[in-house]
Amino acid sequence: MTAEIIAVGTELLLGDILNTDAQFLAQQLSRLGINVFYQTVVGDNEKRLTDTIKTALSRADIVITSGGLGPTHDDITKETLASAMGVGLKLHEPSLQKIEDYFKRTGRVMSKTNVKQAIMPEGCIVLENNNGTAPGGIIEKDGKVAIFLPGPPNEIVPMFNESVFPYLCQKSDSMLFSKTLRIIGIGESSVEEKLSELMKSSTNPTVAPYAKQSEVTLRITAKAKDENEAKKLIDPVEKKIRCELGDAVYGTDNDTIYSVVCDMLKQKNMRVSFAESCTGGLLAQSITSVSGASNVFSQSFVMYSNDAKHRLLGVSEETLEKYGAVSEDVAMQMAKGALDVSGADVTISVTGVAGPDSDENGNPVGLVYIGFADKENVSVKEFNFTGNREKIRMRACVSAYTMLREYLLNK
């Protein structure tokens, strides 16, 4: 079974609004095992919209539109869709009553133009809108299905989940279920090389890599009649991947390196603190985005000037003068100083050149030193990152958490 998505609205063509509807619909149709081969964006023009709908109906079993269900004259999706399918229009009294009730409930005066939203294709399945005034609908004719949905995300998402998803479930004999493995410390090419045979030979489930900033994700997707059957297909493939990649697999699905490290610190009853220069508080921000961080996060020192490094953490003025702020020695003293001042079990320090220009000592953009200290040891690792300022800062942050995770795995 195939589907085609048509997003309607001149504002989408102009780039004034991001087309998140198509992304959402494509994701949900994928879950249902329904193939999407085409997506189209078309403006509020009757002829172009008619041509787009007819083309979609000629090559897809299901056509889903989003947007163009408002009360104004340029909201023409429903009318154009009905005409293209050879279906008449008729006032749907229950929808009109619901629209009138909506305006009464919100204390607003209903305009006469809103009646237009209650005029529906004859014989269609009406989809109630519990978050706005425009109902959606499903037209079934000549073996084709056309589904029209409102454009605002706070309306289309619940309408699809409440009404369209169950409807399409009845038409699909299987669904797609996915599990994402999150990998850090090795690149996409290395992952693909290690798993090339598995990826080539896997048909159900399939295994596909996706490179993200500072990590790689592997999506294992199984086609099955229900979630339990899909799990039976996914589990042995996941075990093979974990066996091949080992500790590089740090989490699954919605995990982040920050949430995983936070959980590991909780399990070991340890607290961490940070001493940050070029990352400017990014390490602290990342861990405090995780619920429960107060149990493991002590404090963070954000210091750009040499004076602050000396005054707050006791970094030697002689060291700063001799080696400069971006150096192994300074990173080491920052980590040790943060450990002494905070009383945490472990500390991470970061100092480097985020760009766009090299520093006063001629250190190149992307040179970063990450220091690490606990009660027994102090160490520093040098990195040379590429990218713009923001990417370098983010890569430094992720690398710091990766180092902390490796430490906790071995402790």
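In what order do the 4 strands of the open sheet with antiparallel pairing stand? The order is S10-S11-S9-S12, where two strands pair if DSSP finds at least two bridges between them. Strands S10 and S12 stand at the edges with a single partner strand each, so one side of each has no neighbour in the sheet. Ignoring direction, neighbouring strands here are turned by 30° against each other on average, with axes fitted as lines to C-alpha atoms and angles between N-to-C directions running from 0 to 180 degrees.

This is a predicted model, in which local features need pLDDT of at least 70 and side-chain atom pairs pLDDT 80 or more, while totals for chains, interfaces and linings use all residues. Residues are numbered from 1 along each chain as its sequence is written, and side-chain values use heavy atoms, without hydrogens and water.

Here are some strands to find in your view; strands (E, at least two residues) are DSSP runs numbered from the N terminus.

| Strand | Residues |
|---|---|
| S4 | 89–91 |
| S9 | 175–183 |
| S10 | 206–212 |
| S12 | 249–252 |

S9 and S12 pair in the antiparallel sense over 3 bridges, and Leu 181 stands opposite Thr 252 in S12.

Now look at Leu 91, which is found in S4. Why is Leu 91 counted as partly exposed? Because its relative accessibility is 33%, and partly exposed lies between buried (under 20% relative accessible area) and exposed (over 50%), using a 1.4 Å probe and protein chains only.

Finally, the whole chain: buried residues make up 49% of its 411 residues, and its C-alpha atoms fill a box of roughly 85 × 55 × 40 Å along the principal axes.
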